[in-house]
Amino acid sequence: MNPVALVTGASRGIGRGIALQLAKLGHDLVINYASNESAARQTAADCLAAAPKTIRAEPCQADISQSADREKLLAFTRRAFGRLDLLVNNAGVAPATRADLLDATEESFDRLLAINVKGPYFLTQAVARWMIEQVSAAANSATTTSPLEAAPPYRPKIVTISSISAYTASTHRGDYCVSKAALSMLTPLFAARLAEHGIRVYEIRPGIIATDMTGPVKAKYDELIAGGLTPIKRWGTPEDVGLAVAALAQDLLPFSTGEVLNVDGGFHLRRL
Ligand code: NAP
């Protein structure tokens with residue numbers, strides 16, 4: 001039996017990079033996606049190929065902004081795997097058009113808040129309830145299960161992918177910045193609430209990462225990076241973020257919760 005991870009938005013970009021690194025650690029995976037089924041199937045196949053042992057990787061369509069879809073995603077995970085060790089809240093969207101703060105629409109604001117904040121917030125709430133049940137079940141079965149049949153130790157974790165936009169003002173996508181600032185409160189809240197149950201909660205704050213999301217502004221960021229925007233002068237990759245999630249998944253920080261891990265080439269450093 002393998003530990004099980006659910007990665008939202010794992011069909012492409014950063015989520016795909018995270019799924020691949022977790023596959024390398026031997027996790028079974030739920031590959032969530034919104035609409036791009038063929039990309040999700042490809043990620044699942046690539047995870048199986050990357051894993052050093054037999055794992056399962058199952059795509060599951062669900063729009064995380066919709067309550068019924070979140071329920072469907074968790075019901076699928078329960079049915080397919082019967083346990084969940086790691087939730088990675090990765091799925092998120094940028095505004096359809098980058099509009100100046102003085103022109104941006106309420107419609108875009110509502111869309112971003114629904115997908116980037118409400119979705120992960122209530123998915124985390126539902127997962128937390130299930131993880132608490134599993135913590136109790138694992139404690140009860142620890143005394144009765146023979147070591148030969150033992151499941152992997154149950155050390156549940158929740159990781160949320162926010163952004164440097166949580167604290168950086170970009171006046172042409174204020175809705176995105178507001179959504180990521182709000183999302184950043186999720187980790188301290190759930191870390192404080194879930195510590196007594198042995199569930200640890202972390203935030204990863206990526207910088208400028210090469211994915212479809214940043215494709216339209218590639219030239220602008222090429223120039224900024226070359227000009228010294230980040231101390232480490234290169235684009236980040238989905239693999240960079242995947243490796244950070246893998247570090248947390250390996251349980252090497254057992255006395256830490258609520259931490260923020262910057263995966264941004266040093267963007268967050270104040271320099272003089
Ligand atoms: P991306 O390449 O655009 O991929 C987005 C992923 O999210 C896709 O798998 C997409 O599924 C899924 N998705 C979108 N809306 C969804 C919904 N309502 N329900 C479920 N899944 C949904 O984006 P990315 O660059 O990898 O970004 C991933 C996360 O990292 C986002 O939260 C983003 O804000 C954050 N981030 C990105 C950067 C960056 O520079 N790229 C920097 C900091 C933070 P489909 O394939 O089905 O559309």
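Start by selecting His-172 and showing whatever is in contact with it: beyond its neighbours within four places in sequence, you'll find Arg-98, Ala-99, Asp-100 and Lys-220. Keep in mind that you're looking at a predicted model.

Now show the side chains of His-172 and Arg-98: the two make a polar contact at 3.2 Å. Where along the chain are you? His-172 sits in the loop that runs between strand E5 (157–161) and helix H5 (174–183). Is His-172 buried, exposed or partly exposed? Its relative accessibility is 24%, so it counts as partly exposed.

Next stop: helix H3. Select residues 67–81, which make up this helix of 15 residues. Its end C-alpha atoms lie 21 Å apart, and that agrees with the 21 Å it should span at 1.5 Å a residue.

Colour the buried residues of H3, which are Asp-69, Arg-70, Leu-73, Leu-74, Phe-76, Thr-77 and Phe-81. Then turn the view to look down the axis of H3: the buried residues fall within an arc of 155°, so they line one face of the helix. What do they pack against? Show strand E1 (4–7), strand E2 (28–33), strand E3 (57–61) and helix H4 (106–141), and you have the partners.

Finally, step just past H3 to Gly-82, which takes a positive phi of about 75°.

Technical notes:
Residues are numbered from 1 along each chain as its sequence is written. This is a predicted model: local features need pLDDT of at least 70, side-chain atom pairs count only at pLDDT 80 or more; totals for chains, interfaces and linings use all residues. Side-chain values use heavy atoms; hydrogens and water are left out. Helices (H or I, at least four residues) and strands (E, at least two) are DSSP runs, numbered from the N terminus. Buried means under 20% relative accessible area, exposed over 50%, partly exposed in between (1.4 Å probe, protein chains only). Contact means heavy atoms within 4.5 Å. A polar contact is a pair of N or O atoms within 3.5 Å; within protein, one must be able to donate a hydrogen and the other to accept it, and residues adjacent in sequence count only if both atoms are side-chain atoms. The expected span of a helix is 1.5 Å times one less than its number of residues. The arc is that of the directions from the helix axis to the C-beta atoms.
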